[in-house]
Amino acid sequence: MKKADLSLLEQEGVFQLIGREWMLVTAGSPEKFNTMTASWGGLGWLWNKPVAFVFVRPERHTYGFIEAEERISLSFLGEEHRDILNFCGTKSGRDCDKAAATGLRPVATEEGSTGFEQARLTVVGRKLFKAEMNEANFLDKEVLARWYNDQPGGSLHCVYVVEIEAVYTA
């Protein structure tokens, strides 16, 4: 991985990146980390800072790693690694070593987070804010019904806002 200028993010199609390409949300060191696939989130500008926001359910194994760390990384692998993204989105790090199972090669970033050699783009962010979603705050109850009440087996997400500190490319 090589460090890139933050302006690289402006060249990427943000909605394409997260919504269609998906990302790996990772927390921990290369020796002890967990990663999960996510397709909900965004990049933007908040509090006069470039930020990313991600959504993680508390029951996800990665949640504990995010809680314990100051930084997280968002890794974009590209369509050629869809099998890795599918695996990391359907298997838990409690039950298997996702890196060993998929061939992911963890790499330490200068900021102390973990990215992957296979990533074409990695965004490293420092946690600024966390909020737990609750049912009372849903203004559109159809969203609540569609994504939570009609999808048993999970709690509401926590939202993390992270300040983007670095961008790496392959």
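Student: Where does Trp-47 sit?
Tutor: Trp-47 is in the loop between strand S4 (41–46) and strand S5 (49–56). Keep in mind that this is a predicted model.

Student: What do S4 and S5 form, and how many residues are between them?
Tutor: They form a hairpin, with two residues between the strands. S4 and S5 run antiparallel and are joined by six bridges. One of the facing pairs is Trp-45 with Pro-50 in S5.

Student: Which other residue has a positive phi without being a glycine?
Tutor: Trp-22 does, with phi near 75°. Trp-22 is in the loop between helix H2 (14–21) and strand S2 (23–29).

Student: How exposed are those two Trp residues?
Tutor: Trp-22 has a relative accessibility of 24%, so it counts as partly exposed. Trp-47 is also partly exposed, at 49%.

Student: OK, switching to the inside. Which residues have the most contacts in the largest nonpolar core?
Tutor: Met-23, Val-25, Ile-72, Leu-74 and Phe-76, in a core of 26 residues. Strand S10 (residues 158–169) gives the largest share of this core, five residues. Apart from it lies another core, of 10 residues, and Ile-84, Ala-99, Phe-116 and Ala-119 are among them. As a general point, nonpolar side chains tend to be buried together in soluble globular proteins.

Student: What does Phe-76 touch, leaving aside neighbours within four places in sequence?
Tutor: Its contacts include Leu-17, Ile-18 and Glu-21, then Trp-22 and Met-23. Phe-76 is also in contact with Ala-119, Arg-120, Leu-121 and Val-123.

Student: Is strand S6 enclosed or open?
Tutor: Largely enclosed by the rest of the structure, because five of the six residues of S6 (residues 71–76) are buried.

Student: Which strands does S6 pair with?
Tutor: S2 pairs with S6 in the antiparallel sense over three bridges, and Leu-24 has Ser-75 as its bridge partner there. S6 also pairs antiparallel with strand S9 (residues 121–132), over six bridges. Ser-73 stands opposite Val-124 in S9.

Student: New topic: Thr-35. Buried or exposed?
Tutor: Buried, because its relative accessibility is 1% and the cut-off for buried is under 20%. Thr-35 is in strand S3 (residues 32–38).

Student: What does the Thr-35 side chain make a polar contact with?
Tutor: The side chain of Thr-26, at 2.7 Å. Not counting residues up to four places away in sequence, Thr-35 also touches residues including Leu-24, Val-25, Thr-62, Cys-88 and Phe-116.

Student: Last one. How much space is in the largest pocket, and which residues lie nearest its centre?
Tutor: About 330 Å³. Of the 15 lining residues, Met-36, Thr-37, Ala-38, Ser-39 and Arg-60 lie nearest the centre.

Student: Which elements give two or more residues to the lining?
Tutor: S3, S5 and helix H4 (82–90). H4 provides the largest share of the lining, four residues.

How values were computed. Residues are numbered from 1 along each chain as its sequence is written. This is a predicted model: local features need pLDDT of at least 70, side-chain atom pairs count only at pLDDT 80 or more; totals for chains, interfaces and linings use all residues. Side-chain values use heavy atoms; hydrogens and water are left out. Buried means under 20% relative accessible area, exposed over 50%, partly exposed in between (1.4 Å probe, protein chains only). A polar contact is a pair of N or O atoms within 3.5 Å; within protein, one must be able to donate a hydrogen and the other to accept it, and residues adjacent in sequence count only if both atoms are side-chain atoms. Contact means heavy atoms within 4.5 Å. A nonpolar core is a set of buried Ala, Val, Leu, Ile, Met, Phe, Trp, Tyr and Cys residues joined through side-chain atoms within 4.5 Å. Two strands pair if DSSP finds at least two bridges between them. On a 1 Å grid over the protein atoms alone, a cavity is a set of points where a 1.4 Å probe fits but cannot get out, and a pocket is an open set with protein on both sides within 12 Å along at least five of seven lines; lining residues have an atom within 4 Å of a point. Grid points are joined across faces, edges and corners, and a volume is the space filled by probe spheres set on the points.
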